[in-house]
Amino acid sequence: MMIRELDIPEDIIGFYEDSGIKELYPPQAEAIEMGLLEKKNLLAAIPTASGKTLLAELAMIKAIREGGKALYIVPLRALASEKFERFRELAPFGIKVGISTGDLDSRADWLGANDIIVATSEKTDSLLRNGTSWMDEITTVVVDEIHLLDSKNRGPTLEVTITKLMRLNPNAQVLALSATVGNAREMADWLGAGLVLSEWRPTDLHEGVFFGEAINFPGSQKKIDRLDKDDAVNLVLDTIRAEGQCLVFESSRRNCAGFAKTASSKVAKILDNDAKIKLAGIADEVESTGETDTAIVLGNCIRKGVAFHHAGLNSSHRKLVENGFRQNLIKLISSTPTLAAGLNLPARRVIIRSYRRFDSNFGMQPIPVLEYKQMAGRAGRPHLDPYGESVLIAKTYDEFAQLMENYVEADAEDIWSKLGTENALRTHVLSTIVNGFASTRQELFDFFGATFFAYQQDAWMLEEVINDCLEFLIDNDMVSETEDIEDASKLLLRGTRLGGLISMLYIDPLSGSKIVDGFRDAGKDAVKVTDMTLLHLVCSTPDMRQLYLRNTDYTIVNDYIVAHNDEFHDIPNQFKETDYEWFMGEVKTAMLLEEWVSEVSAEDITRHFNVGEGDIHALADTSEWLMHAAAKLAELLGVEYSSHAYSLEKRIRYGAGLDLMELVGIKGVGRVRARKLYNAGFVSVAKLKGADMSILSKLVGPKVAYNILSGIGVRVKDKHFESIPISSNTLDT
Ligand code: ADP
């Protein structure tokens with residue numbers, strides 16, 4: 001089927017043809033035949049790179065031309081920006097695109113002016129909770145990576161969000177996009193959708209297992225030269241010699257960097273000079289945008305054509321690595337499996353060095369087939385590679401036979417809803433009541449009866465959990481249950497002011513109750529309320545990811561607790577070991593944040609806490625949001641800590657003291673630069689406006705001085721400064 005035959009505007013057809021899309025891929029053609037452009041609900045369960053995005057675009061374009069509006073739901077923020085950038089290419093055809101990444105308690109009504117809105121599932125849920133005006137105007141909902149319904153963390157929110165959207169806009173078209181999973185039909189039936197199920201790929205994928213001296217594919221073999229004692233290194237060198245690139249998946253961040261280091265010395269030997277010069281340019285940038293040991297190690301690897309990639313890297317390093325790989329300069333990325341779920345970075349050969357993952361209950365466990373297929377599916381760049389190869393590595397014949405049977409020749413598992421626990425449901429029961437989706441127990445059962453959990457398992461199993469959630473919410477004054485004035489036999493559920501606020505703030509009600517109790521007890525226990533008290537309070541909530549305790553941490557954290565014991569309320573008894581250990585983990589996390597807001601350098605924090613820069617920013621992000629929630633809750637309760645919490649919220653955002661808040665508000669000024677300016681006497685915007693140019697440029701360099709002054713509205717007349725272009729900001733400068 002040709003794209004020209006489709007019922008979409010001529011200029012957009014031209015746009016696709018110019019970009020090389022003339023004929024639809026077979027699964028795309030099938031989707032059209034099944035009614036994609038006639039508002040039919042569809043689930044497309046097809047492999048990576050088989051053109052799911054185009055399906056979404058076609059459905060959205062059609063809907064928009066008919067006066068509709070589309071919502072595109074993604075699982076990760078990084079993916080939201082990737083899709084946003086892509087859809088913005090449709091702007092010349094009058095299609096307006098917006099992205100919703102803002103605070104979780106905002107309504108973002110202004111976004112409604114767009115035709116396509118890209119948002120994560122959490123953000124969509126929060127927009128629904130905050131009563132965003134344009135939600136009921138949505139006529140097409142695209143749900144990307146819907147197989148994540150199976151994820152313990154993200155699945156329940158995704159599931160409830162879809163259920164709410166289908167309830168709110170029963171006539172909206174739903175297009176769900178999924179990896180190939182065992183029970184795609186079941187998911188499609190739940191959505192009332194037609195199913196496009198296919199294994200078709202634009203580039204052939206050869207899956208195999210390396211054992212002995214060769215990659216063994218079903219029915220064929222490929223011998224690999226043994227140049228090194230490490231099989232994975234040999235596989236890498238073989239790929240690069242054949243002009244390909246490699247992705248290596250490792251189970252941990254440490255192994256990830258370790259393999260990159262090992263491989264880099266070998267890869268360096270087969271790079272030409274031109275490539276080395278360009279790589280040095282990327283490495284210099286990496287080294288200049290980070291203050292940590294990681295930046296140095298990463299820089300060194302990149303000079304040799306190799307990089308590593310995981311959530312511990314800061315975002316500018318991640319971008320530099322991704323771009324270097326896309327430009328085919330970096331030949332190998334050694335990565336944790338998060339890369340497989342997220343970004344679109346295909347490579348000729350994917351090497352899965354570790355197919356086991358640590359599980360806190362069962363030790364090292366083999367990964368699910370679905371996860372393996374996601375990694376393997378990254379092999380083969382469409383239109384660039386003749387084929388893609390994924391390779392597992394076996395040490396013994398038995399292992400080889402098992403890997404063949406359990407991964408290469410296996411089908412992906414079924415996905416299972418994770419909604420059925422009190423921890424997953426509590427927040428959704430509250431929001432369902434607060435937003436008026438249900439006002440009696442029966443309506444609540446009915447609402448959750450429309451979820452995938454209820455479709456897949458038995459609805460009655462949910463009733464008991466829902467009742468447990470209600471008991472918690474009523475006990476904690478978040479929901480009231482009272483007799484209906486008109487019908488005494490009917491009990492009505494209503495969100496209280498506290499419940500309403502907690503739902504809008506988008507925090508777990510258990511976090512809400514911990515914060516509320518913390519505030520109430522602070523007065524009683526004669527606790528001194530310091531920065532640490534509030535930081536620990538937010539770190540003790542289930543919404544915060546606490547740091548692990550290493551053996552070496554015990555004494556340091558324990559000494560801290562002893563020295564600061566009047567700043568914590570309710571310190572668990574040391575003889576209750578698990579409780580006390582848990583508490584120490586919370587305090588350790590709060591100690592990291594205390595260093596962050598006290599302007600300790602990122603380099604020192606990464607050393608003290610054995611984390612990456614990316615982790616510091618992730619912890620700061622979450623705690624900023626929770627501190628904001630704490631401030632709002634303090635306001636509602638009428639306790640005195642709200643202004644303290646608001647100022648900590650700001651300090652967490654910028655990682656700086658209160659005295660710097662005015663300066664860090666200027667574009668291009670991060671906490672380090674702000675302190676430098678402050679110490680030199682430029683303590684405010686007003687002082688900067690009157691700055692002597694030569695002093696300022698001595699302090700921060702002429703380029704930055706120019707940017708700072710332009711940023712605060714000073715017209716720089718000096719000839720020397722006028723020729724300098726404005727550059728963008730980095731995180732920690
Ligand atoms: P998926 O979302 O399924 O992983 P994408 O939608 O990102 O895959 O598509 C992968 C690549 O294939 C993109 O570069 C896209 O432009 C291209 N593509 C999609 N459909 C076609 C087509 N019919 N003909 C040629 N290229 C296509």
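In this predicted model, a backbone N or O atom of S50 lies 3.3 Å from an oxygen atom of the ligand, and a polar backbone atom of K52 is 3.0 Å from an oxygen atom of the ligand. The side chain of Q28 places an N or O atom 3.0 Å from a nitrogen atom of the ligand. Polar contacts are pairs of N or O atoms within 3.5 Å; within protein, one must be able to donate a hydrogen and the other to accept it, and residues adjacent in sequence count only if both atoms are side-chain atoms. The protein buries 77% of the 560 Å² that the ligand exposes when taken alone (accessible areas by the Shrake-Rupley method with a 1.4 Å probe). Of the 16 residues around the ligand, E23, Q28, A49, K52 and T53 come nearest (a heavy atom within 4 Å).

The second largest pocket has a volume of about 1400 Å³. A pocket is an open set of points on a 1 Å grid over the protein atoms alone, where a 1.4 Å probe fits, with protein on both sides within 12 Å along at least five of seven lines; lining residues have an atom within 4 Å of a point. The volume is the space filled by probe spheres set on the points, which are joined across faces, edges and corners. Of its 44 lining residues, A49, G51, T53, N344 and P382 are closest to the centre.

Residues are numbered from 1 along each chain as its sequence is written. Local features need pLDDT of at least 70, side-chain atom pairs count only at pLDDT 80 or more, totals for chains, interfaces and linings use all residues, and side-chain values use heavy atoms, with hydrogens and water left out.
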